[in-house]
Amino acid sequence: MGATGGAAVWGRAEQQNFRSRVRGTLLGVAVGDAFGAPLDGMDPDAVREAHGPEGPADLTPAYGRRGAVTHLTQLTLFSVDGLIRAQVRRDTGAWHPPTDLHRAYRRWSATQRDWGPDERRKDDGWLAREEWLYARRDPTRALLLGLGDDTMGTPEAPKNPGERGPEAAARSAPFGLLVGWEPQLVAQLAVECAAQTHGHPTGSLAAGAYAVVVHGLARGESLDPAVQRALALLAVRPGHEPVSEALQHALGAVRQGLPTRARVAELAGGGTAEGLVAAAVYCALVAEDVRHGLRLAGGHGGPSAATGALAGGLLGALHGETALPPAWLAELEGRPTILELADDFAMEMTQGPALHGPAGSSPGWLARYPRA
């Protein structure tokens, strides 16, 4: 499969499998986010007092409803939108995906300032017209500052150079769904896009490592070899040591007895990107099933929404959409939008030339994902 996802190399079974993994990844991010959101920032003792020693067994309310998602899911969806737009714009000879991702994140930034969609902005595409995305769900200062103007952060001149939080990593699962790309290119794109808001090397390298792990899973690998590939790619990058050590710590923790929420909290540490990616990897490795993995990741208090989102992306990519808890999906905020976007991404990556290419183009597709 080439980087453009040419239709000729995709059989029907391959397309169906890929769509299931894309749906699983995006729904997994969202449902993990929704499970962890009500507990985000809580002390572990407070979680225990409110939900018992095992933590919550089901979705609990946040932002006035069960199944509500945070800015992490919102940004993940705009990552997908930006990747589709990059593929569409490639026909024009313009090929710089980080720029398209930055424009997509700027469209997200507008949702955090505006009351609702602005119909005058015809080039925004359909996702930016989804009214439910205009809810402000506690975006961090680093995100608002990093995306507060048109200047795009780069690895050489990053925005927020001291920021090492998990938000860039938690929006990076879609990069791993570029299954026709080589892993090192996936890592590079995730790193470059992370620098737009999280300029500390561990913040951006954790995003790259996470995207590479998702990439391996989306291509049908098991979790351990996907993590090993991420470690190999990290090893050649300056400043990789904290991220590599955190992932090694996660692999070692698997052999330390039955999984506990306390071990997840210990891996997560101070809530840095590398700690939360490691905690998510651990939860995915030890999970009896997807529900168990999400409960471990999102049920410990602390940065539970980000840990849940990161683990959900891994579990969804690994097992596909049908393994996710159906009762949780039934209550998930924005589920129709997420499914529509997932299917659009899968169609673009497998059949893009038939939608916009030398043989002709679909006006409806270009209205959804404008080249401008």
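This is a predicted model: local features need pLDDT of at least 70, side-chain atom pairs count only at pLDDT 80 or more; totals for chains, interfaces and linings use all residues.
Residues are numbered from 1 along each chain as its sequence is written, and side-chain values use heavy atoms, with hydrogens and water left out.

Back to G275. G275 sits in helix α13; helices here are DSSP runs of H or I with at least four residues, strands are runs of E with at least two, and both are numbered from the N terminus. If we skip neighbours within four places in sequence, G275 is in contact with L267 and A268, where contact means heavy atoms within 4.5 Å. Now take R219: G275 and R219 are 56 residues apart in sequence, and their C-alpha atoms are 25 Å apart in space.

Staying in helix α13, we come to V277. Is V277 buried or exposed? V277 counts as buried, because its relative accessibility is 3%. Residues up to four places away in sequence aside, V277 touches A169, A206, Y210, L247 and L310. There's also A309, 32 residues from V277 along the chain, with 10.0 Å between the two C-alpha atoms.

So which way does α13 run against α10? Helix α10 covers residues 223–234 and helix α13 covers 273–286; they pack at an angle of about 155°, and their axes are 10 Å apart. Those axes are lines fitted to C-alpha atoms, for helices over the stretch in contact, and the angles run from 0 to 180 degrees between N-to-C directions. That makes α10 and α13 roughly antiparallel to each other; angles over 145 degrees get that label, under 35 is roughly parallel, 65 to 115 is roughly perpendicular, and the rest is oblique.

Who's doing the touching? On the α10 side we have L223, D224 and V227, and they meet V281, A284 and L285 in α13. By class, the residues of this contact are 5 nonpolar, no polar and 1 charged. For the classes, Ala, Val, Leu, Ile, Met, Phe, Trp, Tyr, Cys and Pro count as nonpolar, Asp, Glu, Lys and Arg as charged, and the others, Gly among them, as polar.

Next up, the largest pocket, with about 320 Å³ of space in it. Of the 15 residues lining this pocket, R103, R106, R107, D123 and D124 are the closest to its centre. A pocket here is an open set of points on a 1 Å grid over the protein atoms alone, where a 1.4 Å probe fits and there's protein on both sides within 12 Å along at least five of seven lines; lining residues have an atom within 4 Å of a point. Grid points are joined across faces, edges and corners, and the volume is the space filled by probe spheres set on the points.

What classes line the largest pocket? The lining has 4 nonpolar, no polar and 11 charged residues. Helices α3 (71–89) and α4 (97–111) each supply at least two lining residues, and α4 gives the largest share, with 5.

Here are two residues whose contacts are worth a look on screen. P370 comes in the segment after α18 (363–368), and P370 is buried, with a relative accessible area of 7%. Residues up to four places away aside, P370 touches R85, K122, D123 and G125. P370 and W126 are 244 residues apart in sequence, yet 9.4 Å apart C-alpha to C-alpha.

D150, in the loop between α5 (141–146) and α6 (167–170), counts as exposed at 63% relative accessibility. Past its neighbours within four places in sequence, D150 is in contact with H102 and R106.

N160 lies in the loop between α5 and α6, and N160 has a positive phi of about 50° although it is not a glycine. Y63, in the loop between β1 (61–62) and β2 (65–66), isn't a glycine either, and has a positive phi of about 55°. At 35% relative accessibility, Y63 counts as partly exposed.

Definitions and conventions
Buried means under 20% relative accessible area, exposed over 50%, partly exposed in between (1.4 Å probe, protein chains only).
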